[in-house]
Amino acid sequence: MGLYDDVAKILIPEDVLQARVRSLAEEINHLYRDDDFPLLVCILKGAFVFLADLTRHLNFRHEVDFMVISSYGSGTVSSGVVRILLDLERNIEGRHVLVVEDIIDTGRTMDYIIRNLRTRHPNSLRICTLLSKPSRREIDVPLDFVGFEIPDEFVVGYGLDFAEAYRNLPFIGVLKPEVVR
Ligand code: PRP
């Protein structure tokens, strides 16, 4: 069985995904100017594909930085335990910060990130997520940009993994039950 054979269905096809990333970038392009020189904070690992596509559609000067956050372990449901495995290189005090995330599920990870980053006194702090599962929310988090709201299904692809695999699928898909079991 190959990588693609493990996929039960495609939830968001590649062309739809790419078109939405472009339209999100257009919205974001209205918000910042070159002089703002905002810092895009990519939450690894999941957001690396989204960030890579998003950044190339942005038309203002910006910098990227990375945080490695872990919350899921290797399972398919959030453990609720959030850890910073690697922190930002940059000091964000007085900077305009845009956090780029792949998915907001319970909201616990983003709630932690927001509270943590606020203590560092950024000039502004905005959140952009490709995916959101509103039905799973336990903590309400303010989201400035949402690519797609999706149902409560375990999804992979475009950066999202199952046991660290499937991040390279170019679409958002759902795995066959026998694969996830
Ligand atoms: C995923 C995702 C978010 C978090 C969302 O990360 O990237 O950070 O879970 O879940 P929550 O809203 O319930 O907190 P994961 O721990 O799978 O790490 P990864 O990005 O390295 O795959």
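Student: Let's start with T106: buried or exposed?

Tutor: T106 counts as buried, because its relative accessibility is 6% and the cut-off for buried is under 20%. Keep in mind that this is a predicted model.

Student: Thanks! Where is T106 found?

Tutor: T106 is in the loop between β5 (96–104) and α3 (108–118).

Student: And what does the side chain of T106 reach?

Tutor: The side chain of T106 reaches the backbone nitrogen of R108, at 3.1 Å.

Student: Which residues make the contact?

Tutor: From α1 you have Q18, V21, L24, A25 and I28, and from α2 you have F50, D53 and L54. Sorted by class, the contact of α1 with α2 has six nonpolar residues, one polar and one charged.

Student: Now for backbone geometry. Which peptide bond is cis?

Tutor: Look at the bond from L44 to K45, which is cis with omega near 5 degrees. K45 sits in the loop between β2 (39–44) and α2.

Student: What about phi for Y158?

Tutor: Y158 has a positive phi of about 50 degrees, although Y158 is not a glycine. You'll find Y158 in the loop between β8 (155–156) and β9 (172–175).

Student: Is Y158 buried or exposed?

Tutor: Y158 counts as buried, because its relative accessibility is 2%.

Student: And what's the story with Y166 in terms of phi?

Tutor: Y166 has a positive phi too, at about 75 degrees, and is not a glycine. Y166 is found in the loop between β8 and β9. With a relative accessible area of 8%, Y166 is buried.

Student: New topic: E149. Where does E149 lie, and is E149 buried or exposed?

Tutor: E149 lies in strand β7, residues 145–149. Its relative accessible area is 61%, so E149 is exposed.

Student: What does E149 touch, leaving out residues up to four places away in sequence?

Tutor: With those left out, E149 touches S132 and P134.

Student: How many Å separate the C-alpha atoms of E149 and I92?

Tutor: They are separated by 29 Å, and the two residues are 57 apart along the chain.

Student: Let's follow S132, then. Buried or exposed?

Tutor: S132 is buried, with a relative accessible area of 1%. S132 is found in strand β6.

Student: Which residues does S132 touch, again not counting those up to four places away in sequence?

Tutor: On that basis, S132 touches I104, R137, L143, V146, F148, E149 and I150. With R137, the side chain of S132 makes a polar contact to the side chain, at 2.7 Å.

Student: Last one: what separates the C-alpha atoms of S132 and F50?

Tutor: The separation is 14 Å, for residues 82 apart along the chain. F50 is also one of the α2 residues in the contact with α1.

Note on methods: Residues numbered from 1 in each chain as written. Predicted model: local features only at pLDDT ≥ 70, side-chain atom pairs only at ≥ 80, totals over all residues. Heavy atoms only, no water. Contact = heavy atoms within 4.5 Å. Helix = DSSP H or I, 4+ residues; strand = E, 2+ residues; numbered from the N terminus. Nonpolar A, V, L, I, M, F, W, Y, C, P; charged D, E, K, R; others polar. Buried < 20%, exposed > 50% of the residue type's maximum accessible area, 1.4 Å probe, protein only. Polar contact = N/O pair within 3.5 Å; in protein donor to acceptor, adjacent residues only side chain to side chain.
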